[in-house]
Amino acid sequence: MSALKDKLKADLTASLKSRDDTRLRTIRMALAAVNVEEVSGKEARELSDDEIVKVLTKEAKKRREAAEAFSNAGRTQQAQAELDEQAVLEEYLPAQLSDEELNALVEEAIAESGAEGPKAMGAVMKVLNPKVAGRAEGGRVAAAVRARLSA
């Protein structure tokens, strides 16, 4: 079993004992999402830590989007609950890249791929995505690449 899944299960037990409802609910949801991913496809398999990070990133993004939708609808209590769940999930994710770090990686990827102009964005993204996996949202990465290639 992966180290991250072990940590999730241990934290589930700890939150159950401490009666931390938000944390308990969020970790249960995360483990359920991991289990669904493990049994999807042709045969069941054990996920690696990197694959679990991808699942948790997807779940955190869902929480962020739901919180935004709830707050736009004037439902602040539900929005706060989603933000609380997102905060718990982010504890298990790698630290997000700062704008400076992201821009440095974009420059590096452009130099590596030899890309010029906005049409070469796909080549840059192909080089850049493995380097930023789980540490920056895809839309943010694409915007940084687009801005750099347009300049």
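How many salt bridges does a search of the whole structure find? I ran that search first, keeping in mind that this is a predicted model, and it returned 11 salt bridges.

**Entry 1, Lys5 and Glu46.** I began with Lys5, which forms a salt bridge with Glu46, the closest N and O atoms being 4.0 Å apart. I noted where the two partners sit: Lys5 is in helix α1 and Glu46 in the loop between α2 and α3, so this pair ties together parts that are 41 residues apart in sequence. I then looked up their accessibility, and found Lys5 at 6%, which counts as buried because the cut-off is under 20%, whereas Glu46, at 45%, counts as partly exposed.

Next I checked Glu91, whose salt bridge with Arg23 has its closest N and O atoms 2.6 Å apart. I placed Glu91 in the loop between α4 and α5 (99-113) and Arg23 in helix α2, so the pair ties together parts that are 68 residues apart in sequence. I read a relative accessibility of 48% for Glu91, which therefore counts as partly exposed.

I then turned to Glu85 and Arg63, whose side chains meet in a salt bridge at 2.8 Å, N to O. Glu85 belongs to helix α4 and Arg63 to helix α3, so here the parts tied together are 22 residues apart in sequence. Are Glu85 and Arg63 buried or exposed? I found that Glu85 is buried, with a relative accessible area of 9%, and that Arg63, at 10% relative accessibility, counts as buried as well.

I looked up Gln86, which is placed in helix α4 and is buried, with a relative accessible area of 9%. Its side chain makes a polar contact with the side chain of Glu90, at 2.8 Å. Leaving aside residues up to four places away in sequence, I listed Ala60, Arg63 and Arg64 as the residues that Gln86 touches; Arg63 is also the salt-bridge partner of Glu85.

Which residues touch the most other members of the largest nonpolar core? I counted 18 residues in this core, and the ones that answer the question are Leu4, Leu8, Ile27, Ile52, Leu56, Leu89 and Tyr92. I checked which helices contribute, and found that α1, α2 (21-39), α3 (49-72) and α4 (76-90) each supply at least two residues, with the largest share, six residues, coming from α2.

Last, I located Ala14 in helix α1 (residues 3-18), where its relative accessibility of 42% makes it count as partly exposed. How far apart in space are Ala14 and Ala109, C-alpha to C-alpha? I recorded 42 Å for this pair, whose members are 95 residues apart in sequence.

Conventions: Residues numbered from 1 in each chain as written. Predicted model: local features only at pLDDT ≥ 70, side-chain atom pairs only at ≥ 80, totals over all residues. Heavy atoms only, no water. Helix = DSSP H or I, 4+ residues; strand = E, 2+ residues; numbered from the N terminus. Buried < 20%, exposed > 50% of the residue type's maximum accessible area, 1.4 Å probe, protein only. Core = buried A, V, L, I, M, F, W, Y, C linked by side-chain atoms within 4.5 Å. Polar contact = N/O pair within 3.5 Å; in protein donor to acceptor, adjacent residues only side chain to side chain. Contact = heavy atoms within 4.5 Å.
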